[in-house]
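Here are my notes on this model. Please read them alongside the coordinates.

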Amino acid sequence: MLSAVLVVALAVVGLAVVRPGPVAGWLGGDDTPKTSQSPEPDPPAVLAGADANAPLPTAEGVRAALEPLVRADALGDRVNVSVADVATGQELYGRGQDDPTVPASVTKLATGVAVLAARGPAYRIPTRAVAGSAPGEVVLVGGGDPTLAVDENSFYPGAARLDDLAAQVTKALGGTAPTKVTVDSSLFSGPVYEPGWDSDIPTGGYGAAITALTTDAARRDPVAARKNFDDTHGAAERVPQPDLTAGRQFAKLLGLSGAAAEVKRGSAPAASGAAAPASGTELGKVESLPMIRLVDIMISDSDNVIAEYLARQVALTKGKPASFVGGAAATDQTLGELGLPADEISLADGSGLSRTNRISPSLLTDLITLAGNGSHPELAAIFGGLPVGGWSGTLDGRYKKSATKAGAGVVRAKTGTLTGVNAIAGLVTTADGRLLTFAVLTDRTTGGLDDTREALDRISSALAGCGCR
């Protein structure tokens, strides 16, 4: 199934995407009902397919199309732009293209590529339960799964669940009754909030305390958060100590109540090698969605909390502390190892919430080209969650005005927004069918958000509407 998903992800080079068709037969098996009905027609395409033989735009043509647009007042006095051809990597337009700029949530493209390179698309993050040193003690060990759920009422469909883990523990303990739960969240270190975050991030619902154990990315009410997702733009009330909250939820699932249900932080004992339930013996394990899905969710929902957890996964593969500093350094290192210009990126977090992050537009277009040219197939998974202009994600309400409608359905991009910072980076198919990558970063805007976004969209729409030759 993962292989099939990767094939679909790689198809982004052709940019042919279809709406879901009939489910029957997709999952295999011989139990598909036999009917005499005529087969359903193929689902209609919703994105234009790129033409591998389409003519390459000229640098002069792209410059003529974009120069008037990048000077728009709504973009402020610092507008850095890069446009390149995906198939060849040839730069077609640059304006401050090598200048590190505040990227906001466009940072998630770098985080996604780094974690796919470091962990691979199939990797799953474990959450374990082991026997503690005291009789009946169960230690819940966080592995850094941001999507871990309590039960079927989860925010993230298909997530690993604590009730499944509790059932494994109960079976492993046999007739021994649990007496208490200890939480081991020591895998992550450092502050739980990044010092460069705006002061309202911890309380505004777009960020959360980053601990190695959490449920539903620290959302206090995951059911209400999912129901209200569109209205709140993803913001939700978060619990202040996600690891302890998860421990209490787990204790309740094990049947503990009252004083026995209170949890404390501690360390899991080393495995003794004796039969369960000896100290350190693993009593159960659940695993997250595969990395390819976590990256999809991070990008499509612009999920800041998932981004921070994925950056820490990169840190773990590089032997660095699983902290904000370690995750950022490991991401920079991984991108450098992929041949990207490491001197054009300097990160403080994985989500883009920090104003101290810097990425150049040309690094972003280089990164997208690397993921899309087939040289690193595992990186193509970065494209699955990219919002589509006028159709999905953070671009759902954009590209709908006459000046930008040429980009509807042919622009796929990640957006970024902080006060005074607006960015977009992704893919666009030209009128001739040539697939280009673009990045536009502005970090000194002062006008209204709608005007700035429209000015950004005009740039990619101009590429979509011309052959630029």
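1. F155 is buried, and Y156 is buried too (buried: under 20% relative accessible area, with exposed over 50% and partly exposed in between; 1.4 Å probe, protein chains only). The model is predicted: local features need pLDDT of at least 70, side-chain atom pairs count only at pLDDT 80 or more, and totals for chains, interfaces and linings use all residues. Residues are numbered from 1 along each chain as its sequence is written, and side-chain values use heavy atoms, leaving out hydrogens and water.

2. The ring centres of W197 and F324 lie 5.5 Å apart with planes at 85 degrees, so this pair is edge-to-face. Rings of Phe, Tyr and Trp (its six-membered ring) pair if their centres lie within 6.5 Å; planes under 30 degrees apart count as stacked, over 60 as edge-to-face, the rest as tilted. Both W197 and F324 are buried.

3. R312 lies over the face of F324, 4.3 Å from the ring centre. The charged end of R119 sits over the ring of Y123, at 4.2 Å from its centre. The rule: NZ of Lys or CZ of Arg within 6 Å of the ring centre and within 35 degrees of the ring normal.

4. F155 and Y156 belong to one aromatic cluster with F229.

5. The open sheet has 5 strands in the order β6-β5-β4-β3-β7, with mixed pairing. Strands are DSSP runs (E, at least two residues), numbered from the N terminus; two strands pair if DSSP finds at least two bridges between them. Strand β3 (residues 126-131) pairs with β7 in the antiparallel sense over 5 bridges. R128 has K285 in β7 as its bridge partner.

Definitions and conventions
Helices (H or I, at least four residues) and strands (E, at least two) are DSSP runs, numbered from the N terminus.
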